[in-house]
Amino acid sequence: MCATLNTVPIHTFSSLLSMAITSAAAAVPALSSLAHRAPIPSISFLFPDSTRPFSLSRSFRSFSLTPQAKASDIEISFFDDLNPEDEAVAFDPPTPPEGFIPPPAFDDGPEETEDEVAAAYEELYGPAYSGVSVLGNDVYVMDSKVKKTSAFGKVTKEKVRDGFEERVVQVRRVTKVVKGGKQLHFRAIVVVGDKQGQVGVGVGKAKEVIAAVQKSAVNARRNLITIPMTKYLTFPHRSEGDYGAAKVMLRPAAPGTGVIAGGAVRIVLEMAGVENALGKQIGSKNALNNARATVVAVQKMKQFQEVAQERGIPMEELWK
C-alpha cells in the first residue's frame with residue numbers, strides 16, 4: 001500500500017479527495033435526521049501538504065467532518081404526560097360476588113395414585129413399553145409372530161393368539177426395475193377379524209411369501225374397524241363405498257339368507273362375523289381395492305341409536 005501511495009500523482013490524489021469531500025457533505029442532511037437514533041462517527045480525511053513532495057514520511061494534515069445533531073431534531077414522546085412526583089395508584093381488584101367460592105388450588109386436591117397416572121398416560125400415548133396395560137389393552141397386538149429357538153438353533157415363529165383369524169386374499173409377484181436389473185418381491189393381501197364385528201385389511205411386500213403374509217397381517221391389525229350389526233348379524237341399513245375404480249354395494253338381508261357376495265367382499269364380511277348380507281362389486285375387479293371399498297362402505301353405516309342421539313329424539317320417532 002505504501003508503494004502505491006508513493007507513486008500516485010499529487011493532482012490525481014487531490015481530485016479524488018475533492019470527490020470524497022463532496023459526497024460526504026451531501027450525506028450530512030441524511031445523517032443529521034438520524035442523529036437521535038444512533039451516534040454518527042467522525043469522518044476524517046488525510047492528505048499531504050500540496051507545497052511539498054508527496055511522501056509517506058512527511059507529516060499529514062487531518063480534516064474532520066463531524067455533523068452535530070440539533071436539539072430540535074431529537075423527539076422524546078415517551079411518558080410525556082407522566083409526572084414522576086405524583087404517587088402511583090395501586091391496583092384495586094373488583095369485589096367478588098355473594099356466595100363466591102374460590103376454586104381449590106392445584107396442590108390442594110388429593111394425590112393421584114400410580115394406577116390413575118398410568119391410566120392417563122396409556123389413554124394418551126398407548127400401553128407402556130414395559131408391556132403392562134392398566135386399561136386392558138392387548139400390548140402384543142402389533143407382534144404378529146413370537147421368535148423361539150428350536151433344538152437345532154433355528155429361529156421358529158408362531159402366531160400370536162390374540163383372538164383374530166387371518167385369511168389370505170391374494171399373493172402376487174411384483175417386480176421393481178432398478179439399475180442392475182429387476183428385483184422380485186411378493187405382495188400379499190390379508191384380512192384379519194374376530195368374527196364379532198372387528199375386521200382389518202392389510203397389505204405387505206417381501207422377498208418371501210411367508211414374510212409378506214406376516215407384514216400384511218401386522219398392517220391389518222393396525223387398521224382394525226368395527227362393523228355395526230343388528231341382532232340378526234346383518235347391516236342396519238344400505239351403504240355404498242368406492243376406493244379407486246372399485247365400487248361396492250352392501251345391503252342387509254333377512255335371517256337365513258347367508259352372505260351372498262364374491263371375491264374380497266365376501267372374505268371381509270365373513271371375517272367380521274356378518275352372516276346375512278348382500279354384496280355386489282361394480283367396476284374394478286382388483287382384490288385390494290374391493291376390500292378397501294368394503295371397509296369404506298362399512299364405515300359409513302350407523303346404528304339407529306347413534307342417529308337418534310345426534311337428532312336428539314327417541315328411537316321410536318325414526319320410524320314415524
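## How the helices pack

Helix axes here are lines fitted to C-alpha atoms over the stretch in contact, and angles run from 0 to 180 degrees between N-to-C directions. Helices (H or I, at least four residues) and strands (E, at least two) are DSSP runs, numbered from the N terminus. This is a predicted model, where local features need pLDDT of at least 70, side-chain atom pairs count only at pLDDT 80 or more, and totals for chains, interfaces and linings use all residues. Residues are numbered from 1 along each chain as its sequence is written, and side-chain values use heavy atoms, with hydrogens and water left out.

With that in hand, look at helix α6 (residues 264-272) and helix α7 (residues 287-299): their axes are 8 Å apart and meet at an angle of about 45 degrees. The two are therefore oblique to each other (angles under 35 degrees count as roughly parallel, over 145 as roughly antiparallel, 65 to 115 as roughly perpendicular and the rest as oblique). The crossing of α6 and α7 is right-handed, meaning that the near helix is turned clockwise from the far one by less than a right angle.

## Salt bridges

Count a salt bridge wherever a side-chain nitrogen of Lys or Arg is within 4 Å of a carboxyl oxygen of Asp or Glu, and you get seven. One of them joins Glu165 and Lys195 at 3.6 Å, N to O. Glu165 sits in strand β5 (residues 165-178) and Lys195 in the loop between β6 (181-193) and β7 (198-206), 30 residues apart. Both partners are partly exposed, Glu165 at 41% relative accessible area and Lys195 at 44% (buried means under 20%, exposed over 50%, partly exposed in between, with a 1.4 Å probe and protein chains only).

Arg221 and Glu166 form another, at 3.0 Å, N to O. Because Arg221 belongs to helix α5 (residues 209-222) and Glu166 to strand β5, this pair ties together parts 55 residues apart in sequence. Here Arg221 is buried, at 5%, whereas Glu166 is partly exposed, at 25%. Elsewhere, Arg167, Arg266 and Glu270 are linked in a network of salt bridges.

## A nonpolar patch

Tyr121, Leu124 and Tyr125 make a nonpolar surface patch of about 410 Å². Patches take residues with over 30% relative accessible area and no salt bridge, joining like charges within 9 Å and nonpolar side chains (Val, Leu, Ile, Met, Phe, Trp, Tyr) within 5 Å; the areas come from the Shrake-Rupley method with a 1.4 Å probe, and for residues only the protein chains shown count as cover. Tyr121 lies in helix α4 (residues 114-125) and is partly exposed, at 45% relative accessibility.
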